[in-house]
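Here are a few notes to read alongside the model. Have a look at the coordinates first, then go through the points below.

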Amino acid sequence: MGKIKFATIWLDGCSGCHMSLLDIDERLLDVFSKIELVYGPFVDFKRFPSGVDFAFVEGAVSNDEDEEKILEIRDKTKVLVSFGDCAVTSNVPGMRNHYKIKDLMQRAYDDNADIKEKTPKTGIPHLISHARPIHEFVTVDVFLPGCPPPADVIHYVISELIDGRLPDLTGKTRFGQ
Amino acid sequence: MPKELVIEPVTRIEGHGKVTIFLDDNNDVKDARFAVTQFRGFEKFVEGRPFTEMPSIVERICGICPVSHSLAASKACDAILGVRIPNPAIKIRRLLNCGEFIQSHALSFFHLSSPDLLLGFDRNPNERNIVGVIKANPELAKSGIRLRQIGGHIVEWLGKKRVHPAWVVPGGVNEPLSVEHRDMMLREIPEALEIIQTTLRFFKGMIEDFRGEIRTFGNFPSMFLGLVDVNGNWEITDGNLRFIDSRGHIVADMVEPSRYKEFIGEAVEEFSYLKSPYYKPSGYPDGMYRVGPIARLNVCDGFRTPLANREWAEFRDLERGPVLSSFHNHYARLIEILAVIELEEELLNDPEILDPHIRAHASVNEIEGVGCVEAPRGTLFHHYKVTRDGLMQWANLIVATGNNNLAINQSVLQVAQHYIKGTEITEPMTNRIEAVIRAYDPCLSCSTHAMGQMPLVITLMDSKGNVLNKVIRD
């Protein structure tokens, strides 16, 4: 049977939601005694495993690799949590959406560079035209908004999921919290 | 045709990183590169927004060091307002910076790097993580969690949130420190001191075990950059820039951060979203320099506070000149935690820290401003241009970790050349390549003002495309 499999991942985010998760402080020890952390920035597994019980996905979908990734995660996960405002609404990554990618690149790699014969393009993902929330690509089971969601609310969600319930987040958090 | 070894994602760092190693026909490492695989475009998409929004927007560059960005942004905005902020505001911003340093450095040491340092670089990846550390040494893990919490409390009790506090603003901060919160912070200091001093003793006792890593993890001559105060002492919130060379000679000193463009240029490479800053007078890529904990301890003439100063002197005794091994960032980080706890105590015992006069008010007086602070990972620059109405026209950010791009690349090459031999690629080898990156505690979201992550396949192919060896890290 084994422990509950918990995975976390960040797409186009800032890691702030993951930091808020760590802000549950000493409750981390209790959480880690009940779950197995099978994937994420805090562990060294390089491949997203199958049979994940619940996954927290931080960040918007912003490049072609994020797109592939979110489909794979959805396929391998029972309960998918859209974690934080970037995942739920695209938030700050979405602020680039009314600019053309070439203008974003021009500012960073031409206007703001001194040695600029080259442009980043080899072996790295390509931006998609708009940074979008993850529910535009896959079905989401739990929306956990906030920038970041408060640590106590994150702990509540994890606890409910460990006990086999979908959390009721009414009044507990909101966009921009 | 070169053979390629790819390590992706680099784990237990902030952000998205990828390593590619190039091997020749004898399977010797010819070249290595470190790439950041994501990009968001902050420097462009802030155009048109009121400059007063910048401190809040740029916090979302990074969830580990949002405070650093809000401080640098606000200082750039102070310059646009043309104000000198009141003394209580200077002090209280500095206090916030202390909280963040504790929070961030504790994360780097305990949550991200301790699995390698304590459990071993060769340990099975199933166990080589914070969960494994909790099992193997619960006291150390709890101390690390508690220390990070104490840092987070300073940020929270000043700014109402531990991540992305809306508190530092153009002209100062938006609320003074209450007596209750000041007393709560003071009460946590003895425990913080105890934890860091125990950890320092513990880590110094282990250093001999890391001789191999010390020798090979980014151990090479380079310039260093950091802020220093008027007396040349270690400084993280205000002060001026100092560049030193690998022998410790000062090459540029007391440079006002607004002049950064005279000294720092940025180069673009094809294989990474991260640009490479370089010291302009030396050109690219000879002008490589490092920032961050060892850089700050190398450029300064000492620490104003006694406990940190003593530790610093012992640290500098490691080598005749500047400490060159990036492995020693772990040690330097612990000393910096000690220093900010001492600094925090000094600030909290200063009655001016409660003074309600914490903001200067003005409108746009200059159309350009530069703000600079030391983020935990290194020197951070925010440079803005606005219209007369205060709408953003242009931004340039040189972010901490980004300064280290050339050095990280060289470090990855150094470790790869030392540890990879023959066609057999083992997980401990690839973990060591990742571990040298972790020594820099990189913040890759910051560095490209963007973020992301992905899985790992290492494929070794010969020139005909036959797969010689493949390792899938699960």
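Predicted model: local features only at pLDDT ≥ 70, side-chain atom pairs only at ≥ 80, totals over all residues.

1. Which residues in α6(B) meet α7(B), and which do they meet there? From α6(B) come S143(B), R146(B), L147(B), I150(B), H153(B), I154(B) and W157(B). Facing them in α7(B) are H181(B), M184(B), M185(B), E188(B), A192(B), I195(B), I196(B) and T199(B). Sorted by class, that contact holds 9 nonpolar, 4 polar and 2 charged residues.

2. On geometry, the axes of α6(B) and α7(B) (residues 179-206) come within 10 Å and cross at roughly 150 degrees. The pair therefore counts as roughly antiparallel, and the crossing is left-handed.

3. α7(B) also packs against α12(B) (residues 329-348): their axes come within 10 Å, crossing at roughly 155 degrees. That angle makes α7(B) roughly antiparallel to α12(B), with a left-handed crossing.

4. Now the chain contact: 58 residues from chain B and 59 residues from chain A take part. Elements of chain B giving two or more residues to that side are α1 (42-45), α5 (130-136), α6 (138-159), β9 (264-267) and β16 (467-473). The largest share, 4 residues, comes from α6(B). Chain B's side has 26 nonpolar, 17 polar and 15 charged residues.

Note on methods:
Residues numbered from 1 in each chain as written. Chains lettered and ligands numbered in written order. Contact = placed C-beta atoms within 7 Å. Nonpolar A, V, L, I, M, F, W, Y, C, P; charged D, E, K, R; others polar. Axes fitted to C-alpha atoms, helices over the stretch in contact; angles between N-to-C directions. Parallel < 35°, antiparallel > 145°, perpendicular 65-115°, else oblique. Left-handed = near helix turned anticlockwise from the far one by under 90°.
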